[in-house]
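Please open the structure in your viewer and keep the selection tool at hand.

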Amino acid sequence: MNFSEDFRAVISESIRLGESTKTLDVTMGPLIDLWGFGPDKKPTNRPSDEELVSMIKNIGVDKLTLTAQGLAKKVAGLELSFSATAKGYGIDKVAQLLESHNITNYMVEIGGELRIAGEKPNNKDWVIAIEQPDAQPGERKVHRILTPSTNGIATSGDYRIFYEMNGEIYTHLIDQQQGCQLSMT
């Protein structure tokens with residue numbers, strides 16, 4: 001299998017992050033779908049324990065092998081989802097392009113991932129507002145203001161991506177090892 005240098009870099013970094021964090025795993029797409037946070041969206045029932053156990057057997061970066069020849073999966077049906085790592089890689093590539101044109105003042109944002117350098121056009125620092133997680137639904141309040149200087153920031157919050165079903169709130173933060181919600185608010 002032949003793929004681009006960029007795709008190889010995203011896969012390689014995704015495997016490294018999956019091995020080191022045990023939580024950021026590019027093979028979790030089917031588990032994310034099962035909980036209702038993938039392209040098919042909200043499920044009508046909570047996944048059963050049997051479905052979760054079965055799903056967990058078929059995910060994990062340990063089931064991927066990246067070699068000079070390509071990428072191999074060790075289990076049939078293994079799927080890859082780069083929703084987290086590709087956004088970070090994308091902002092890095094945009095920043096590299098800007099810097100290659102001697103643009104040193106910028107803010108790049110893709111889906112909550114940011115990369116910031118220099119200053120705003122008015123020569124003031126970039127200011128990033130972090131939303132208050134426990135604000136009432138539909139209400140947007142500032143929790144904290146950051147002036148990150150030249151830096152990268154990744155954001156995610158269970159207060160933004162969630163659904164309610166049968167009186168329970170389910171968030172998009174999922175424990176890959178157990179297949180369950182990391183946070184139930």
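**First stop: a cluster of rings**

Select Phe 3, Phe 7 and Phe 82, which ring pairs link into a cluster. The model is a predicted one, in which local features need pLDDT of at least 70 and side-chain atom pairs count only at pLDDT 80 or more, while totals for chains, interfaces and linings use all residues. Residues are numbered from 1 along each chain as its sequence is written, and side-chain values use heavy atoms, with hydrogens and water left out.

A pair of aromatic rings is described by the distance of the centres and the angle of the planes. Rings of Phe, Tyr and Trp (its six-membered ring) pair if their centres lie within 6.5 Å; planes under 30 degrees apart count as stacked, over 60 as edge-to-face and the rest as tilted. A search of the whole structure finds two such aromatic pairs. In one of them, the centres of the Phe 3 and Phe 7 rings are 5.2 Å apart and the planes stand at 90°, so this pair is edge-to-face. Phe 7 also forms an edge-to-face pair with Phe 82, with 5.6 Å centre to centre and 75° between the planes. This pair links distant parts of the chain, 75 residues apart: Phe 7 is in helix H1, whereas Phe 82 is in the loop between strand S2 (71-73) and helix H4 (85-100). Helices (H or I, at least four residues) and strands (E, at least two) are DSSP runs, numbered from the N terminus.

Phe 3 is buried at 17%, and Phe 82 is buried at 18%. Phe 7, at 32%, counts as partly exposed.

**Second stop: the nonpolar cores**

Next, select Phe 3, Val 10, Ile 11, Ile 15, Val 26, Val 61, Leu 64, Leu 71, Val 75, Leu 78 and Phe 82, the eleven residues of the largest nonpolar core. Such a core is a set of buried Ala, Val, Leu, Ile, Met, Phe, Trp, Tyr and Cys residues joined through side-chain atoms within 4.5 Å. Helix H1 (residues 5-21) gives the largest share of this core, three residues. A second, separate core has ten residues, including Phe 37, Leu 52, Met 55 and Ile 59.

Now select Leu 64. Leaving aside neighbours within four places in sequence, Leu 64 is in contact (heavy atoms within 4.5 Å) with residues that include Ile 15, Val 26, Leu 71 and Leu 78.

Move on to strand S4 (residues 113-117). Four of its five residues are buried, so S4 is largely enclosed by the rest of the structure. Two strands pair if DSSP finds at least two bridges between them. Strand S3 (residues 106-110) runs antiparallel to S4 and is joined to it by five bridges. Within this pairing, Tyr 106 stands opposite Ala 117, and Ile 110 stands opposite Glu 113. S3 and S4 form a hairpin with two residues between them, and Gly 111 in the turn has a positive phi of about 55°.

Select Glu 113, found in S4.

**Last stop: two loops**

Finally, select Asn 102, in the loop between H4 and S3. Asn 102 has a positive phi of about 60° although it is not a glycine, and it is exposed at 67% relative accessible area. Ser 149, in the loop between strand S6 (142-146) and S7, is a residue other than glycine with a positive phi, near 60°.

Conventions:
Buried means under 20% relative accessible area, exposed over 50%, partly exposed in between (1.4 Å probe, protein chains only).
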